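Subject: Structure handover

Dear colleague,

Here is the structure you asked for, with notes on its salt bridges and one of its pockets. Please open it alongside this message.

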Amino acid sequence: MVVGAILLTGASLTASVLVLQVAVLPLLFRYSKSVQRKMVFSNCINYPKNLDFENPQSCNLVGGRNFNIVFESVVDNCTIKLGVWHIVPCSLFRELFVVHDYLSIDQRLLNELRKTRNTVVLYCHGNSNHRASPHRLQMYKVFQDLNFHVITFDYRGYGDSTHVRPTEGGVVEDALQVYNWIMNNVRQNEQPTVVLWGHSLGTAIAANLVSNLDGLCSSRGVCLPPPNALVLEAPFNNLLDEIECHPFSKLVSWLPYFRGSFVKPFMSSEHTFTTDCYLSRVPSLPILMLHSRGDRIVPYDLACKLHECIMTSRSKGGAPLVFHSFDRGHNDLCEDPDLPAVVANFLELVKKKRNM
């Protein structure tokens, strides 16, 4: 009796899983835009929880300050507030602890940014979690050791930013607003090197921004120069290929209607993230690609396809394009001892290009 009950329960569970895998998931993914959006942005995943974003030091980050950027969104027709951190170079740590009776720490650090000649990085994080995720905190420390100013933020729907559903247009608009803030707060004469850095999904957001910068600016009545360089950490060539190659897809890729149910919906979606198309339109922008051969989230082959596409667009000349491979995973590139030298060498190329 007991054995029979166990076998019956096991068969029932197997049948339930099979129905979910064969029927429920394909239908949900094909017809529910909410499910599609959550799969792409994963902003429902929020770890670590209950953080004090207003106090970066509570997240074990030395030399950071919190502030907000508030604007009226053209995409969502509402007021958006973005949570932003400004993280200063190690060389400014002493300034943090020197007492100035007449200026707050926030004002002192903003003044340092306004007169800096150090590289300034705008960091666009990937999907899920927020700007205080452990691997992102580690990357900020790499930037600090390189003596970079870092501006990192959470898109709408993430962290302590306004909780509205993210879309490609919305998160790119967020990146534009933060980029606008940076360009308004660095010196206009002898402007420092400004680098747009994206990780994973953030690479597609950054690529969209640089490719469509003129159009995005003109529709909002601003005029901004392009960044001096773009760094793509764990990039993919386009969202369709990334979905098809994602580890989760292995659960359903054997279905005869896999492409029609799981891939085709994104061909006419509000979020396409076609990084290969975006970056083919900016041949004058220096690009550094960083990818790990052991990346299981964004397969190495997709980065190779992206690199080949960009190279083809620059066959008749263009800015430097550097592709550096690592033996790491998706989120631990920050731990590689070669990373600082790779970034520093690339920025030397960028500076030479600026001075030509």
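**Salt bridges**

R156 and D76 form a salt bridge through their side chains, with an N to O distance of 2.7 Å. The two residues come from distant parts of the chain, 80 residues apart: R156 is in the loop between β4 (149–153) and α6 (168–183), and D76 is in the loop between β1 (64–72) and β2 (79–87). Please keep in mind that this is a predicted model. R156 counts as buried because its relative accessibility is 0%, under the 20% cut-off. D76, at 22%, counts as partly exposed.

A search of the whole structure gives 10 salt bridges. Another of them pairs the side chains of R131 and D154, again at 2.7 Å from N to O. This pair also links distant parts of the chain, 23 residues apart. R131 sits in the loop between β3 (120–124) and α5 (134–145), while D154 sits in the loop between β4 and α6. Are these two residues buried or exposed? R131 is buried, with a relative accessible area of 0%, and D154 is likewise buried at 0% relative accessibility.

The salt bridge between R220 and E173 has its closest N and O atoms 3.2 Å apart. R220 belongs to the loop between α8 (213–218) and β6 (229–233) and E173 to helix α6, so this contact ties together parts that are 47 residues apart in sequence. On accessibility, R220 is partly exposed, with a relative accessible area of 22%, whereas E173 is buried at 1%.

Helix α13 gives the largest share, three residues. Sorted by class, the lining of this pocket holds eight nonpolar, four polar and four charged residues.

Regards

Conventions. Residues are numbered from 1 along each chain as its sequence is written. This is a predicted model: local features need pLDDT of at least 70, side-chain atom pairs count only at pLDDT 80 or more; totals for chains, interfaces and linings use all residues. Side-chain values use heavy atoms; hydrogens and water are left out. A salt bridge is a side-chain nitrogen of Lys or Arg within 4 Å of a carboxyl oxygen of Asp or Glu. Helices (H or I, at least four residues) and strands (E, at least two) are DSSP runs, numbered from the N terminus. Buried means under 20% relative accessible area, exposed over 50%, partly exposed in between (1.4 Å probe, protein chains only). Ala, Val, Leu, Ile, Met, Phe, Trp, Tyr, Cys and Pro count as nonpolar, Asp, Glu, Lys and Arg as charged, and the others, Gly among them, as polar.
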